[in-house]
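Let's sit down together and learn to read a protein model, one feature at a time. Have the sequence and the 3D view open as we talk.

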Amino acid sequence: MQSLLTQIKQCFIIAGLPDQLKSAQQGFNKQTDQQALARLTLLALVLLGTALLLWLVAGYHGAFHLFNQFTPYLPATFWQIATFMGDTTFVLALSLLVARRNPAILWVLLIAAVYGTLATHGFKNLFDAARPPVALLTDDYNLVGRALRNGSFPSGHSLSALVFVTTAYYFFNNPILRGTLLLVGGGVALSRVMVAAHWPIDVLVGSALGILVTVAAIKTAQRFSLGFRLPMHLFILFLLLTAALMILGGHDGGYPQAHLFAKVIALSSLLVFVFEYFLPLKQSRSG
């Protein structure tokens with residue numbers, strides 16, 4: 001019994017986390033990458049400009065068939081996995097992989113999620129735009145997964161994917177990794193057109209919003225230290241764990257062929273969480 005109590009006291013989540021959160025806050029505030037923020041903001045403006053130009057030239061539905069016609073060239077499973085990677089639960093579960101090593105990421109993601117939710121739901125309620133399955137004839141497009149009907153503008157999956165990509169882009173200063181992140185994020189966003197869930201303009205604006213709300217979240221996180229306090233960090237962890245458990249419980253966002261892939265990622269995230277938060281400090285440091 002005494003040995004068990006000793007192990008609990010050495011548990012990282014009790015003994016080491018507060019100090020690490022303090023250290024993470026100091027490092028986050030000192031290492032401001034203004035160039036990265038400027039590049040990301042410029043990219044968002046380019047995406048918005050492209051969306052505006054597309055609307056002026058071809059209208060709201062413009063360029064949909066240009067991309068969607070190529071959907072059959074790759075398996076439906078590929079598109080379902082790609083598009084589910086933009087699901088909020090998947091993004092949150094994936095974030096568990098870096099939760100302990102860089103707590104600042106979690107604080108930025110939470111703020112960006114709040115900003116992003118306000119932006120997407122605000123626009124969706126304002127415009128209530130019809131999605132491709134409503135506006136097009138059944139044999140006029142390639143549908144993958146369930147047919148969605150309303151709330152097309154902007155793309156929430158694109159926003160979620162780019163929130164994660166933008167956050168990782170900012171924190172990991174590696175040119176190859178940054179380029180890969182942008183390509184993957186772009187692919188996830190494009191998949192929303194390929195599965196006939198959104199119009200290209202939805203994707204462009206959703207991606208731009210994802211970048212902009214994350215840039216705003218980074219600046220907010222640098223001004224407010226709440227996310228580096230133990231109670232808030234544990235609350236964010238609770239949200240991430242809930243997302244991972246939802247996936248393991250059967251959540252597939254309407255894309256059942258992506259469920260096995262999502263389960264593997266969710267289970268891996270949970271294992272990393274247990275390993276990094278609950279192993280004794282001495283063992284954790286020695287590794």
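**Reading the model, feature by feature**

A: Buried means under 20% relative accessible area, exposed means over 50%, and partly exposed is in between, with a 1.4 Å probe and protein chains only. Before we go on, this is a predicted model, in which local features need pLDDT of at least 70, side-chain atom pairs count only at pLDDT 80 or more, and totals for chains, interfaces and linings use all residues. Residues are numbered from 1 along each chain as its sequence is written, and side-chain values use heavy atoms, with hydrogens and water left out.

Q: Where is the place of S207, and what does its side chain reach?

A: S207 sits in helix α12; helices here are DSSP runs (H or I, at least four residues), numbered from the N terminus. Its side chain reaches the backbone oxygen of V203 at 2.8 Å. Contact means heavy atoms within 4.5 Å. Setting aside neighbours within four places in sequence, S207 is in contact with L47, S158, L159, L162 and A189.

Q: L47 belongs to the buried residues of α4. Which helices do the buried residues of α4 pack against?

A: They pack against α10 (156-171), α11 and α12. The buried residues of α4 are A36, L37, L40, A44, L47, A51 and L54. Just after α4, G59 takes a positive phi of about 85 degrees.

Q: How do I read a salt bridge, and how many does a search of the whole structure find?

A: Side chains of opposite charge can pair when their charged atoms come close. The cut-off is a side-chain nitrogen of Lys or Arg within 4 Å of a carboxyl oxygen of Asp or Glu. The search finds two salt bridges. In one of them, D33 pairs with R178, with the closest N and O atoms 3.1 Å apart. D33 lies in the loop between α3 (17-30) and α4 (34-58) and R178 in helix α11 (residues 175-194), so the pair ties together parts 145 residues apart in sequence. Both D33 and R178 are buried.

Q: In the salt bridge of E276 with R101, is E276 buried or exposed?

A: E276 counts as buried, at 7% relative accessibility, whereas R101, at 58%, counts as exposed. Their closest N and O atoms are 2.6 Å apart.

Q: What is a nonpolar core, and which residues have the most contacts inside the largest one?

A: A nonpolar core is a set of buried Ala, Val, Leu, Ile, Met, Phe, Trp, Tyr and Cys residues joined through side-chain atoms within 4.5 Å. The largest has 74 residues, and F28, L96 and W107 have the most contacts inside it. Helix α12 (residues 200-223) gives the largest share of this core, 11 residues.

Q: How is a pair of aromatic rings described, and how many aromatic pairs does the structure hold?

A: A pair is described by the distance of the centres and the angle of the planes. Rings of Phe, Tyr and Trp (its six-membered ring) pair if their centres lie within 6.5 Å; planes under 30 degrees apart count as stacked, over 60 as edge-to-face and the rest as tilted. The structure holds 15 aromatic pairs. In one of them, the rings of F28 and F228 have centres 6.0 Å apart and planes at 40 degrees, so this pair is tilted. F28 lies in helix α3 and F228 in the loop between α12 and α13 (230-248), so the pair ties together parts 200 residues apart in sequence.

Technical notes
Helix = DSSP H or I, 4+ residues; strand = E, 2+ residues; numbered from the N terminus. Polar contact = N/O pair within 3.5 Å; in protein donor to acceptor, adjacent residues only side chain to side chain.
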